[in-house]
Amino acid sequence: MKKAIILPLFVVLLSCVSCVEDSYINLNNKIGLVKIENVSFDNISLTSELIPGETRIKTICEAESKFPKRSQVSFYMVKGTSKVYLKTRQNYILDYSKTLTITLSDTTEVYNP
Amino acid sequence: MKNISFIIIALLFVACGKQDYSPYTYSNEGGIYSSIEKIKFREILFTLKPYTMVGNKKKYVVSDSIKNIVVKINDKPWAIVNSFPVASSQLLIEPTPTWNLTEQNFAYAVVAPFQSAKTTLTTAGEYAALLSNFFILENGTYFCRIESFEIRQKDGKMQIIKPYLVTVVDVKDNVRNAYLGELEVQIPN
């Protein structure tokens, strides 16, 4: 009797805790002269700071039902003691178990909300 | 029984239910702001005195104003401005085929505040350039160049003058502007 309860329970628990597949965001900063701070995508924090030429990889481990994620990228552009808050005009799309590469460069269209 | 319990507990600890909590909240402030409270250098002031030589005498050109004065600091764009309009009714005018001239001391006042390259910024590179140029004038000495300006002839046509006039501007601590003095420019008859 006990085995009849425990085994199914074990199977149910096992299925509940099984890992989802990771998705990745590859963030590149190619904006010259400045650093970017507090970069985020769809309320996911990608990095606190990135200087020109640097790259960050963010792993997102969420259920497939939460994808695709579609969002602008927002960040602070900083030079010395001055900063401006910007958002990309483009929306980026992250699919489940895929890698999204976001490159912020001098030609990336942005606006100050 | 004990082994199975242990496995279940172990699996619970390694479950891939990690949430990615974003710790950042962003203010809704727009535009550039600086954490430094002191007064920033923003303006250059000078007077322009275009003149021409008549014989051996220096005579100053009289017009309504001077337009599109291109000002650069250390060869970077600073501003394109017009002079203040002038009233010339009290002057003794000596007309020539091209210009109205006067021997009296006559100058055009110019205030050149810093201007960003574009009124509407659309790319990350433009914002980066604005941030880079906006506060580049820390305390120190810089070369200021009057690259060109336009002045109206007697017949109403605008003539472009390229004096490539260079002078020095000193930026001091907690001071909003600097006066460059009177800048004389010889132009063709």
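Q: Which residue of E9(A) does A:Lys30 stand opposite?
A: A:Lys30 faces A:Ser105 in E9(A). This is a predicted model, in which local features need pLDDT of at least 70 and side-chain atom pairs count only at pLDDT 80 or more. Residues are numbered from 1 along each chain as its sequence is written, and chains are lettered from A in the order in which they are written.

Q: What makes E1 and E9 of chain A a pair?
A: Two strands pair if DSSP finds at least two bridges between them. Strand E1 (residues 23-30) and E9(A) have seven bridges, in the parallel sense. Therefore they count as paired. Strands themselves are DSSP runs (E, at least two residues), numbered from the N terminus.

Q: Why is one side of E4 and of E9 in chain A left without a neighbour in the sheet?
A: The open sheet has the order E4-E1-E9, with mixed pairing. Strands E4 (55-60) and E9 (99-105) stand at its edges, each with a single partner strand, so one side of each has no neighbour there.

Q: What makes strand E4 of chain B mostly covered?
A: Buried means under 20% relative accessible area, exposed over 50%, partly exposed in between (1.4 Å probe, protein chains only). Six of the eight residues of E4(B), 66-73, are buried.

Q: How do you know which strands of chain B pair with E4(B)?
A: Count bridges. Six join E4(B) to strand E9 (residues 140-152), antiparallel. Five join E4(B) to strand E5 (residues 76-81), also antiparallel. B:Val71 has the bridge partner B:Ile146 in E9(B) and B:Ala79 in E5(B).

Notes
Heavy atoms only, no water. Helix = DSSP H or I, 4+ residues; strand = E, 2+ residues; numbered from the N terminus.
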